[in-house]
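Dear colleague,

Here is the structure I said I would pass on.

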Amino acid sequence: MTVESTAAARKPRRSSKRTSAAKTPAKTPQSSGPELVQLLTPEGVRVEHPDYSIDLTAEELRGLYRDMVLTRRFDAEATALQRQGELGLWASLLGQEAAQIGSGRALRDDDYVFPTYREHGVAWCRGVDPTNLLGMFRGVNHGGWDPNSNNFHLYTIVIGSQTLHATGYAMGVAKDGADSAVIAYFGDGASSQGDVAEAFTFSAVYNAPVVFFCQNNQWAISEPTERQTRVPLYQRAQGFGFPGVRVDGNDVLACLAVTKAALERARQGEGPTLVEAFTYRMGAHTTSDDPTKYRADEERVAWEAKDPILRLRTYLENEGAADEAFFTALDEESETLGKRVREAVRSMPQPDRLAIFDHAYADGNALVDEERAQFAAYQASFAEEGK
């Protein structure tokens, strides 16, 4: 399966009958928007920006392309596994690869990441094995990796709460005198949460070294961004006293350059930055969602022309930075990854049902011990009935 066929296979089903709810919302200042920071156009043409630039070798460009392709392949495999009943749920990142890989590759090893439940590309950049992301969605663990091994926190399901965690951690980093930075990911829907506003306030007042990276994919499940805010999201930062910038979220080069600058600003003690990566959720919110019920096909088709992977491939080909052998080898690597993910998920062991009691308290607790014993007896009763 090639990159193009993988993308085609993941396209949502066209609806032959559109309801009024599927009509594209009227344009507002937020959706017509200001100009984006862009370094690579949808046509794959390199452009300059007065405030942001990036100078990458051909090898580094191929690396970014590989990251996006393999992340998309993993994501497509996870979606297929959910459809086959191997996962309970999956939140796809289809269309958001550039925002995640660009920002993820801007990080230093000592920086710390606080993700939502969709940052599969950032996890890839931090060296988290893709198969470890799937345990939670299969229901066999609460997160299959040690956050401190990769400076990548566990996935956060509660909307927006990770921005407060990131702010508190960043305040601690500042007090420790370290020069590392923290980045918090969240979506446009989460921007309406009180937790996010509180995080903005605390980070500004305490000058915390944190970057708030909002992936504005324009749909908080079925709610368009126009019903979340009357102004572009990045402008909210002004009210809290720190800068905001809007970047083309489908341009991996611009996302890398803007995030790198924001992280460096944080490390130098200049406080937080809000980055709004203006992108699009090509698929469903999660595998339990049907986007054809609330958005127009024409909107999705228009954004397919801005595909982050295809634009970088066009640039690589036009610049002679990658040949057909590279793309063929990457397709083979992609299929190998898909096979490994399938096998890993299907061979995941069942969890120890009593393990939930092990880490409730560091030193044990009489009430928890009593509850463990009751639950163990309850579980044992099923075995006895089967005799």
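A residue is called buried here when its relative accessible area is under 20%. The model is predicted, and every value below is computed from it. By that cut-off, the buried residues of α14 are Phe 326, Phe 327, Leu 330, Asp 331, Ser 334, Leu 337, Gly 338, Val 341 and Val 345. Helix α14 covers residues 324-346, and its 23 residues should span 33 Å at 1.5 Å a residue; the end C-alpha atoms lie 34 Å apart, which agrees.

The sheet is open and has 5 strands, ordered β1-β2-β3-β7-β6, with parallel pairing. Its edges are β1 (112-114) and β6 (244-248), each of which pairs on one side only. From one strand to the next the twist averages 20 degrees. Between β6 and β7 (residues 273-278) there are 5 bridges; Gly 244 has Leu 274 in β7 as its bridge partner.

Two helices that pack on the sheet are worth a look. Helix α9 (residues 194-205) touches β2, β3 and β7, and its direction makes about 150 degrees with that of β3. Helix α11 touches β2, β3, β6 and β7, at about 160 degrees to the direction of β6.

Beyond its neighbours within four places in sequence, Leu 312 contacts Leu 40, Leu 61, Leu 64, Tyr 65, Met 68 and Val 252.

Regards

Key:
Residues numbered from 1 in each chain as written. Predicted model: local features only at pLDDT ≥ 70, side-chain atom pairs only at ≥ 80, totals over all residues. Heavy atoms only, no water. Helix = DSSP H or I, 4+ residues; strand = E, 2+ residues; numbered from the N terminus. Expected span 1.5 Å × (residues − 1). Buried < 20%, exposed > 50% of the residue type's maximum accessible area, 1.4 Å probe, protein only. Contact = heavy atoms within 4.5 Å. Pairing = 2+ DSSP bridges. Axes fitted to C-alpha atoms, helices over the stretch in contact; angles between N-to-C directions.
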